[in-house]
Amino acid sequence: MNLTALWPLAFLILIPGIIILYMLKQKTTEYQFSSIMLWKEVYKNMEANRPFEKLKRNILMILQIIALLGLIFALTSPFLKSGGKNSGNLVLVLDSSASMNADYSKKLSRFEKAKELALAQIKKAKSGTKITIITCDKDVKVEASNLQDKQGAKAKIKALTCSELAGDTNPATSYIQSMVKQLGAYEAYFITDSDVKTLDLNAKILSVASEGVNASVDSVIYSKTEKESVALVKVTNHSKETFETEVTLYGDNKVISIEEVSIPPKESETVYFENVNTNLKVLKAEISKQDALKNDNTAYAVVNQGTKSKVVLVTKSNIFLEKSIQLVDGVELYKTSDVATLKDNEADLYIFDSIMPKDELDANKLYINPSSTDYFTVNGTSKGTILTTKEGTVTKYLDNFQFGVNEIKKIKCPVNAEEFFSAGDTTGGFYGTWNGKKIGVLPFDLHQTDFPLQAEFPIFMNQLLHELLETGLVPNEIFYTGDSIDFLANASGSNLKVKHPSGRKETIEVRNIAKTFADTKEAGVYQVSQKVGKKTETQQFVVNFPVDSESDIKSKISQQTGASKAFETNLNTLDIKDFILLLAILVIGAEWFVYVKEQ
Amino acid sequence: MKESIFDEEFYQKLNKLNLGIRMRLSQGQTGARKSSAKGTSVEFSDFREYMLGDDIRRIDWNAYGRMDKLYIKQFMEEKEGMFHILLDCSKSMDFGEKKKSVFAMQVAAALSYVVLNNLDRVYLSKLKEENVVCEKGMTGKSSFKKIIASLEQTEFDGNTNLNKNIATFPLHGKGVTIIISDFLDPKGLDEAISYLLYRQQQIILIQILAREELEIGLDGTLSLVDLETKENIKITMSKAAVDAYEQQRIKLQNHLEDLAKKYGFLYMQGCSDESLEQFIFEELKHTGFLHSK
């Protein structure tokens, strides 16, 4: 028999206290008696029955001590070993994906039930068992490893929360497989509502799948034409019964309209909301009927925000340039070599690579290896020039960068332009604004330089195109929980500020824009803002519940609790705390009985 | 306290004690008690033939005239009875709400009164520690005052050893020894009884116990302190303990009764809170020791 916790043994100090109390209580009063001759005989006779009499005389004290010992013993959580000698490892894998938010029973969610099951496994584990706790949603996360403190492990389990991310426990199997070699004896428990391929692991699946009616709001789409503006809400019934509900459409948190819908089993319905106000920013659709999974009853959409920037590349052939433009987020690239078809306002940016337009277009333009235009004049060429970077917005990450150009056109940097490359007396490149349009110039043929071969080239192009385009801060407006977002931050701007749906604010340093923003665990409307110069650009985007993978809660009941073929248990113990508590209560009852009888 | 022992009420009770003592004596000084011995009283007893040396004044000449033989007229000898009243003066007697000592002194006084009233001689002796404090033998009603005075001066203190006390007791010939005590002596009384029987004493044991000793009304765990030895003993007054005490008390009583039966003497028990008349007139009379005159 082992004890889970030793600290309750400190209460043993109470036992002398009980004895002292009894000794104090038994302090006798003196009574003068004529002769104790007869009493001596009485005492002698009682002495003959001494063990029993002594026991009888102090029976209350003895019962109290037994009860106290029982309670202390119960606090130590004693258990009997029921298996092998080695304590081994206990690996608990909890599915914390979005579907685990569904109701398991009226009072418990699946995840809460999973936590209960995990706690029960910890309780049953032998003392000294090394406990590893893993949660799985989109990613596998090791919450605790090799914990020998059962109380600490229980606290870890209790502190776990369920996410709204898509996922299951399957990725954990490969993780555990890699752990197995170091673990020795182990038992793995997958507590999930979905199928797990446990392969050859010594694993057992504890299913928390449950029956339940569920419907989800899959999407909200806003469509605006010259004639009308409509919102389309797609609602799917994942259950076997017809689902009738009201669908409420909110615009900027105000109710726009409510529609009733009846959806046959396993089917989807699209609800139309006509004449939606065109000045709204965020639409929210919600079904009112309560179902097993509440998290997927709401979906969001952002309206009236910028879309992707259209870039037209006019070139005969420039694969390096083409690739570097494609790498820029939020840009749709069109390529042509025919300048005759180009029209004003068809694209956000025109890039003329060694080809000049017949007529100047009223648009943002980047000239590469150009001839003279209205904005600048070419004064011949020079050969064998070394270009050096000049500190500026587009050369932010190109410190002390130099490259050689076989031939460069001599252009004087206009006064209202900002030079980014210097070629001695002439400029190596600049950009500026003319009549509200941004114009950039690279006065050399990219084929005549090794610059496109350098790592700095795509960085430079990215920054230059962001200067010439107004791309917005997010490449998309609708994401799903767990999606990573590459913010299109302006390198010259301030740090990005992200406001989560819960109101939590986060600052992302601009130098980290290469890193993706992955903290999209929360479904709802996010807001990102950046200050560039005096202007603050703010953009909203929505993160919706991953309905495709997580809303169909019934499809995840295919496998009930089961164990892998080779599953062997050697970590379980028999917890005798409850028995001892019961005994202690019985002893207290006996003490009460004796006390009443004695009175 | 002592003043209240022998008050007017007590004397009124004594006047009612018109009792005789059933005793046949053959020794002692001449007195008012008929003796088995032949003597010089006026009460005729028997005839016998004259033998040489007989007082010729006692020859019944009328018988000689009728029968031509010399007969001596025998008369009853009247002697006084010797009564030794031994009063246990140990501290244990000084116990009880109605003290055993008071009742014991009243019984001693009452018996003395009866003895003196029968023209017998009474020796009042007090058993103290290992000694016996003896008073001179007293006869005649006039001596009663002395007895009362002596009793009034009695101190109940220390402990007694009845066996040793009585062994040192100077007996004045054949007589009656009345021992008034609680007999709560661990060493018993057997040796004393043997000694008294050897000294041809008729023995009367009067055991006086307090109501508190007869009916234990104590509870809880008590440290009982012996009044004489100051020894103490810790007893929880459970029902079992009280029952065991009762058994021990009855065992002591039975032992004394057995001794009485075995050696043919009297034993009686009195409680300190009962009335003196009841004890004297009923209990002592029932034993046959006293009789109505």
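Over how many bridges do E16(A) and strand E18 (residues 349-353) of chain A pair, and in which sense? The legends below take up this pairing among other close-up views. The model is predicted, so that local features need pLDDT of at least 70 and side-chain atom pairs count only at pLDDT 80 or more, whereas totals for chains, interfaces and linings use all residues. Residues are numbered from 1 along each chain as its sequence is written, chains are lettered from A and ligands numbered from 1 in the order in which they are written, and side-chain values use heavy atoms, with hydrogens and water left out.

**View 1. Strand E16 of chain A and its partner strands E17 and E18.** E16(A) and E18(A) pair in the parallel sense over four bridges, where two strands are said to pair if DSSP finds at least two bridges between them; in this pairing Leu313(A) stands opposite Ile351(A). Strand E17 (residues 331-336) of chain A also runs parallel to E16(A), to which six bridges join it, and Tyr334(A) of E17(A) is the bridge partner of Val312(A). Helices (H or I, at least four residues) and strands (E, at least two) are DSSP runs, numbered from the N terminus. Strand E16, which spans residues 309-314, is mostly covered, with five of its six residues buried, a term that stands for under 20% relative accessible area, while exposed stands for over 50% and partly exposed for the range in between (1.4 Å probe, protein chains only).

**View 2. The β-α-β unit of chain A.** E16(A), helix H8 (residues 319-326) and E17(A) make a right-handed unit; right-handed here means that, with the strands pointing away from the viewer, the path from the first strand over the helix to the second runs clockwise.

**View 3. An open sheet with strands from chains A and B.** Three strands lie in the order E2(A)-E9(B)-E10(B), and their pairing is mixed. Strand E2 (29-33) of chain A and strand E10 (232-236) of chain B stand at the edges with a single partner strand each, so one side of each is left without a neighbour in the sheet. From one strand to the next the twist averages 35°, with axes taken as lines fitted to C-alpha atoms and angles running from 0 to 180 degrees between N-to-C directions. E2(A) and strand E9 (residues 221-226) of chain B run parallel and are joined by five bridges, and Thr29(A) stands opposite Leu222(B).

**View 4. The surroundings of Ser143 in chain B.** Ser143(B) is found in the loop between strand E6 (131-134) and helix H5 (144-152) of chain B, and at 6% relative accessibility Ser143(B) counts as buried. When residues up to four places away in sequence are not counted, Ser143(B) touches Leu116(B) and Met138(B), contact being defined as heavy atoms within 4.5 Å. Val122(B) is 21 residues from Ser143(B) in sequence, and the two are 9.3 Å apart in space, C-alpha to C-alpha.

**View 5. Two cysteines, Cys413(A) and Cys89(B).** Cys413(A) is partly exposed, with a relative accessible area of 24%, whereas Cys89(B) is buried, with a relative accessible area of 0%. A search of the whole structure finds zero disulfides over all chains, a disulfide being a pair of cysteine sulfur atoms within 2.5 Å.
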